[in-house]
Amino acid sequence: MLRVGLAADERGPSVCGCGRPGHAIEEIGVHRRPASADRPTRAFVSGVYRCGSGWLCPTCAPAVATLRQARVQRVVEATTDRGGTFVMGLVTVSHGPTDRLTDLKKLVTESFAAARRGAPWDRLRKRGGIAGVLVAPEVTHGESGWHFHVHFGMPCLADTVAARAAGEALIARFMRAVEKRGGKALRKGQGVEIAASPEAAGEYIAKGTSWELAAGASGHKSRTAGRTPWDIAEAAIANPDDRGSYGLWREFAAVMPGTRSCVVTPGLAAALGLEADEDDEAGGKFDLTDDVALVGTVPAPTWKVILRTGLAGTFLGRIEEAEAIDAPVFASLLATTSAEAEERAQRIADLAEARRVKAERARDAAAAREARARLDLAISRALDRLGDLTRGGADTRDRLARACDDVAAACPDLPRPTPADILSAAQARRPAHLAA
Ligand SMILES: [Zn+2]
């Protein structure tokens with residue numbers, strides 16, 4: 001969906017290349033990790049490019065979210081190890097169906113940044129023992145349009161009373177900053193609480209990047225919060241007529257990538273004795289997994305066709321479902337999938353060719369219509385000059401030839417009519433003349 005509107009040689013967002021064979025890789029590896037007590041059998045590939053996008057990639061987002069969760073948990077543990085309190089919360093603004101995501105993001109982000117600046121904030125930091133603030137933007141879409149909110153985590157080297165007060169004060173500052181920018185933020189839209197455990201905090205704060213993961217850990221998915229961007233993408237891809245969902249997905253994809261989340265800043269790291277993080281939206285890398293549970297390989301060109309025809313998931317599903325997997329079983333699964341992929345690729349190519357031919361015919365027809373209209377115009381100009389042709393006469397032939405010359409001279413942009421063109425047009429007009 002993100003390649004729509006791009007030229008054939010134009011590179012789309014990096015998510016569009018996720019899963020492609022890496023540079024100079026001749027075959028990709030297929031792995032199958034057997035089921036264990038807490039997870040089912042899982043098949044995956046190695047030797048492919050991974051985009052690493054926590055916002056756009058359904059494959060990479062869960063991995064990115066796991067990293068972010070682990071990071072938040074580390075911060076919570078370091079806070080409690082130092083006898084501190086980890087405050088978690090949520091800030092957002094009032095919004096409506098016509099609000100653009102980019103504007104809401106700007107309002108919330110700028111207001112929350114402003115709330116954490118200046119002398120009053122410095123005093124608040126000291127009072128609450130605030131070591132820093134982790135921020136995790138999250139987006140859903142419902143009846144009231146885009147819902148952009150920021151989950152935050154605030155390690156406070158203070159007791160719970162002082163920590164909670166600091167959280168409330170931060171929210172009050174945020175609400176004032178929103179109002180100052182012409183927005184509206186209701187107190188009941190904001191939240192603040194003390195983290196029950198590092199795991200709970202990790203899930204709460206980092207879940208914005210992967211709802212599947214959040215649903216997996218907490219066992220349910222909130223229905224009142226509206227649709228997640230994944231829900232929107234799924235609806236748009238399932239139904240090409242769902243232009244609304246498609247538009248929302250494109251809007252989301254234009255606004256959110258590159259937005260950082262759960263980054264441990266150098267200041268926060270120093271305060272808690274942790275290591276600072278790299279920017280986690282820095283881009284993709286090649287996933288060169290080693291030989292762990294390798295069950296077979298796929299030539300890079302074959303894998304590209306499987307990927308392009310949307311059968312990668314189907315293939316890995318078959319690898320997962322196989323009772324046992326050895327070389328013949330692998331070869332047979334690959335042959336089946338590859339044949340389906342080739343067939344689909346052929347269908348896609350046929351469709352594209354049919355579309356191309358149809359478009360060419362439409363272009364030709366339009367050009368012919370246009371040419372005919374211009375000739376008609378030239379003929380009608382010539383007829384205007386001739387006046388009444390019905391009287392006939394010996395000089396008709398000369399008058400026709402002269403009218404053709406005159407029109408060609410007066411309207412050099414129009415095609416030159418022939419005497420025969422004019423005559424047949426005049427005959428077509430005649431009944432009207434007679435009727436008059
Ligand atoms: Zn990816």
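Setting aside neighbours within four places in sequence, Thr302 touches Leu334 and Ser338, where contact means heavy atoms within 4.5 Å. This is a predicted model, in which local features need pLDDT of at least 70 and side-chain atom pairs count only at pLDDT 80 or more, while totals for chains, interfaces and linings use all residues. Residues are numbered from 1 along each chain as its sequence is written, and side-chain values use heavy atoms, with hydrogens and water left out. Thr302 sits in helix H10; helices (H or I, at least four residues) and strands (E, at least two) are DSSP runs numbered from the N terminus. From Thr302 to Ser338 it is 36 residues in sequence, but 6.9 Å in space, C-alpha to C-alpha.

H10 (residues 300-308) lies against H12 (residues 327-386) at an angle of about 60°, with the axes 9 Å apart. Axes here are lines fitted to C-alpha atoms, for helices over the stretch in contact, and angles run from 0 to 180 degrees between N-to-C directions. H10 and H12 are therefore oblique to each other; under 35 degrees counts as roughly parallel, over 145 as roughly antiparallel, 65 to 115 as roughly perpendicular, and the rest as oblique. On the H10 side, Thr302, Val305, Ile306 and Arg308 make the contact, meeting Leu334, Thr337, Ser338, Ala341, Glu342 and Ala345 of H12. Sorted by class, that is 5 nonpolar, 3 polar and 2 charged residues (Ala, Val, Leu, Ile, Met, Phe, Trp, Tyr, Cys and Pro count as nonpolar, Asp, Glu, Lys and Arg as charged, and the others, Gly among them, as polar).

H12 also packs with H11 (residues 312-321), their axes coming within 10 Å and crossing at roughly 155°. H11 and H12 are therefore roughly antiparallel to each other. Phe315, Arg318 and Ile319 of H11 meet Phe330, Leu333, Leu334, Thr336, Thr337 and Glu340 of H12, giving 5 nonpolar, 2 polar and 2 charged residues.

Then there is the metal. Cys18, Cys51, Cys57 and Cys60 coordinate the zinc ion, each through SG, at 2.2 to 2.4 Å; donors are N, O and S atoms within 2.8 Å of the metal (3.2 Å for Na, K and Ca), and water is not among the atoms, so sites may look incomplete. Along the chain, the donors are spaced C-x32-C-x5-C-x2-C. Cys18, in the segment before strand S1 (27-33), and Cys60, in helix H1 (residues 60-81), link distant parts of the chain, 42 residues apart.
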